[in-house]
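Hi,

Here is the structure I promised to pass on. Have a look at it first, then read my notes on the rings and the core below.

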Amino acid sequence: QVQLVESGGGLVQPGGSLRLSCAASGSFFSIRDMGWYRQAPGAQRELVAVITTGGSTNYADSRKGRFAISRDNAKNTVYLRMNSLRPEDTAVYYCNAQIKNAAGGSYGSYWGQGTQVTVSS
């Protein structure tokens, strides 16, 4: 059973920083893209950033320059460093990973349980 476990959320003041982590655990063959999405109250889930196995990244325009995604393939972990946080960044942040369970299988999309990030003074 594959699990994605997020950590690092919390309450931060405007202008502050947070670092989210998401580790994949369980039995699987390989991980392809890993990424972060977020969902604010009353809004749809939206892309924050994605990173490939080779380290290529893609960011939603509004997060470029403030957020940085990285990953440690040896630890099956993806990180999101968030700087200059704004109240509008308040949301539940979800980790996503494309994971193949067996050598002959196909990649499936897995989600973490979400971690709350609240930006408020």
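There is one aromatic pair in this predicted model (ring centres of Phe, Tyr or Trp, the latter by its six-membered ring, within 6.5 Å; planes under 30 degrees apart are stacked, over 60 edge-to-face, the rest tilted). Tyr37 and Trp111 make it, edge-to-face, with 5.1 Å centre to centre and 65° between the planes. Tyr37 sits in strand E4 and Trp111 in strand E10 (residues 107-111), so the pair ties together parts 74 residues apart in sequence (strands are DSSP runs of at least two residues, numbered from the N terminus). Tyr37 is partly exposed at 22% relative accessibility, and Trp111 is also partly exposed, at 37% (buried is under 20%, exposed over 50%, partly exposed in between; 1.4 Å probe, protein chains only).

Trp111 also has Arg45 over its face, 4.6 Å from the ring centre, while Arg32 lies over the face of Tyr107 at 4.2 Å (NZ of Lys or CZ of Arg within 6 Å of the ring centre and within 35 degrees of the ring normal).

Housekeeping: residues are numbered from 1 along each chain as its sequence is written, and side-chain values use heavy atoms, without hydrogens and water. Local features need pLDDT of at least 70 and side-chain atom pairs 80 or more, whereas totals for chains, interfaces and linings use all residues.

Cheers

Methods. Helix = DSSP H or I, 4+ residues; strand = E, 2+ residues; numbered from the N terminus.
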